[in-house]
Amino acid sequence: MDIRALRGPNYWSVRRHKLIVMRLDLEELENFPTNTLPGFYERIQQLLPSLYNHRCSEGRPGGFFYRVETGTWMGHVIEHIALEIQTLAGMECGFGRTRGTGEHGIYNVVFAYEEEKAGIYAAQCAVQIAQALIDGTEYPLTATINELKRLHEENRLGPSTAAIVNACHRKGIPAIRLDSDSSVQLGYGARQKRIQATVSSQTSAIAVELAADKDETKRRLHNVNIPVPDGEVIQTENDLQAVLRRLDFPLVVKPLDGNHGRGVTTNIRTVESLFKAFLLAKMHGERVLVEQFAEGHDYRLLVIDYKLCAVARRVPACVVGDGISTIRQLVDKVNQDTRRGDGHVNLLTKIQLDEATINLLSEQHLTIDSVPEDGKEVCLKKTANLSTGGTSIDVTDDVHPEIRAMAERTARTIGLDICGIDLMATDITVPLKKSGAMVIEVNAGPGLRMHTHPTEGKPRDVGKAIADMLFPETAGQSMPGTSMPGRIPIVAITGTNGKTTTTRLTRHLIRQAGYTVGFTTTDGIYIGDAMIEEGDCTGPASALKVLQDPTVDVAVLECARGGMLRAGLAFDQCDVGIITNVAADHLGLRDINSIEDMARVKAIVAESVKPGGYAILNADNAPTYAMRENLSSQIALFSMHPGSDHVVAHYRAGGLVAVYEDGFITLRRGNEQIRVEHIQNIPLAFNGTAPFMIENILAATLAAFCQQIAVSQIAEGLRTFTPSFENTPGRMNFFRFQQHCVLVDYAHNPHGLSALGQYIRQADATYKVGILTGVGDRREEDITELGRVACGLFDEVIIRFDADSRGRDTNQIADLIKQGIWEVDAAKPVQVIPDEMAALTYALKHAQSGAMIVHLSEQIRRSVEIVQEFKELEDKFELQPLLAKA
């Protein structure tokens, strides 16, 4: 059983990003559909009666049970169980499908999840539940549901962070979770903002520090005539005696640097209670604030972008007697409310019978075992914080304008763009002085749940107010090709061959306009001109590193098959998606068994293009051209055949095309024709002798043009992009010696070698030597076909092996290549030199005059180093006679 979590557009759904894919072997159960398993139908109805709501393919309630009764396979059953147990745990997960892999009894079971760890756990449990139903044994379903709830609560975003993230999603702004807590990146690249709960990346650090100092906050507010209670900061019990000589009861004691109401005691009326409150506050901080108690109701005012957005009256945790239950029992009953949970994750917090509660009950001559009379309200906390079990009532529409103005002045005085103000007032509907209002505290990072989900009153979409502050609608309009706030242009590139060259050239063309481009390729991750990570970086983890970089204006991302199948794309949508071609490579891996299957994988990129963006398709490659049927974006085509019917029809209908026509890279749309540059001025085109490179040029030209890069800048970029190891490592790296030449290239499959062969065939060489290998995890027919192609290109073939043969015996790889070669020409010279560098060294030492050595390499950097060492040696010997004559 193999379980993978997809996190972006993927093979199973471009729209549903959060999917679990479980590759499941049913073994002997493949021969036993559910209607052949005695009692299975009755047992699943009894254990999970709520599965009745699953309509399944029948399209009606009870549809799934009908399928079970009449016979369905266990993979399908497991899919529905996994969905249902998540639903029972409070997660909304409705999408699922089960598909055969082509192997007997092996299925891909796909279903949605909300939280990844919970989704993976649900997959594992669904299999166990199915087995218990088959065996007729008991299964601890309640324990499984509770564990799923725990995983959900433990890993999901808290309500405040979620309110902002959800509001950003509604604005079309993507989010990347940065840790397991509440740090989230909103937007991509240079247009990103970050939040930590309700503190944003643009919140003033000075203001946050000031708000944490309650005494200094009060002083600043007092200086501008905002009403605050009188008080002092103390550290010792002796200091407390001095305070009593100046302040009268009732008093409030709180830790100076506290939060969430921890260590706070209000309405203190006796010396004994005062000393207890002081000791409690000292447990949460060295310095303690003692201040006059302000009479009235407890309000939280939320100011966002210096405008009052929401006001809630906070009610301390309490229970109402029924004449039968003890206070402990009443609390347990209140805590059964599904909205209540531990900490700050749920909409309400469970009431804890802690020491502060016991002391407060004692003041009321009660204990936790007392039985209040019917209808009697018993207060359990002195503070009204939601974090101590309190509730909230929305009163936003009742606030008097003077109090509104005072709240907005308070936020500006402290400098907090997201500001929570704790206010005590007898009546918030009357003018400021008459209300007796006093600002008790100013909070950075205030909680939002009392406003988004008040216990009573109208919910307020304060998450939207924060999202609008962080991302005004005009933000981003200076970026090329996009006017959406929080987003940078993303160009995604995939295909069987040509991806890396197209990626590098596209980056170079966009860079002409002065943008900082982050890009990923098979050789590394680059930000601007700097490589920040070396290696094959074509998966979603590498793409995320580019999208998280705050200096990146435009992202150009090479997207390989493996990453898309493993986890999906790293982004939710792209502005431009390029499909270079689709051919027979990597078939037989991860249940992708045909070119049609592979085309579906590559099409993920094209289908992820945003409405109004461009999917750029190779019109000369049938599987790629066919993708246009399922796209909702605009379509641009590139072709080496400008007169082909479908290309002409496309541009005559107003579509955009790039073609190689009369020696020019040419753009066409309707009656418009733009000749970008002649092929002889484009180094990467090798004077027109490398058609596959011209295809890459056409695709990259379209990508830059679709991103509103000026044609003159595109032309300049084409002229200045030189094929070399530095610019295109492993792609047509050409080295000329005195008597022979060497070509180092990454081509590793029949399609890639055939494309490279268009250049090799016309090359002016009297003898051509190919150094190559087969990739071990490819199909036997693909390795044999590589041999056939090689035979048609080379006069001699040297077979070498990769360091990782990917599970296949190297002798078998050699035999398959030889088989392909000798099917075409039984007399073709072939030798095996296992070590790649030894094979290259041998070919260089034995190079004939006029020969071309084509080294198809996995270790590009080392191969180029060896070639350069031989070239330097040749130059040295050539120079010595000249020096002697001098």
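In this predicted model, helix α3 and helix α4 meet through two sets of residues: Met74, Ile78, Ile81, Ala82, Ile85 and Gln86 in α3 touch Gly119, Ala122, Cys125, Ala126, Val127, Ile129, Ala130, Leu133 and Ile134 in α4. The residues of this contact comprise 13 nonpolar, two polar and no charged.

The geometry of the two helices can also be described. Helix α3 spans residues 74-88 and helix α4 spans residues 116-135; their axes come within 8 Å and cross at roughly 125°.

The whole structure contains six aromatic pairs. One of them joins Tyr41 and Phe65 in an edge-to-face arrangement, with 6.4 Å from centre to centre and 85° between the planes. The pair links distant parts of the chain, as the two residues are 24 residues apart. The table places each partner in its helix.

| Residue | Helix | Helix residues |
|---|---|---|
| Tyr41 | α1 | residues 40-47 |
| Phe65 | α2 | residues 63-70 |

Both Tyr41 and Phe65 are buried, and together with Phe64 these residues form one aromatic cluster.

Leaving aside residues up to four places away in sequence, Asp181 touches Leu157 and Gln196. From Asp181 to Pro372 the separation is 191 residues in sequence and 40 Å in space, C-alpha to C-alpha.

Notes:
Residues numbered from 1 in each chain as written. Predicted model: local features only at pLDDT ≥ 70, side-chain atom pairs only at ≥ 80, totals over all residues. Heavy atoms only, no water. Contact = heavy atoms within 4.5 Å. Axes fitted to C-alpha atoms, helices over the stretch in contact; angles between N-to-C directions. Helix = DSSP H or I, 4+ residues; strand = E, 2+ residues; numbered from the N terminus. Nonpolar A, V, L, I, M, F, W, Y, C, P; charged D, E, K, R; others polar. Phe/Tyr/Trp six-rings, centres within 6.5 Å; stacked < 30°, edge-to-face > 60°. Buried < 20%, exposed > 50% of the residue type's maximum accessible area, 1.4 Å probe, protein only.
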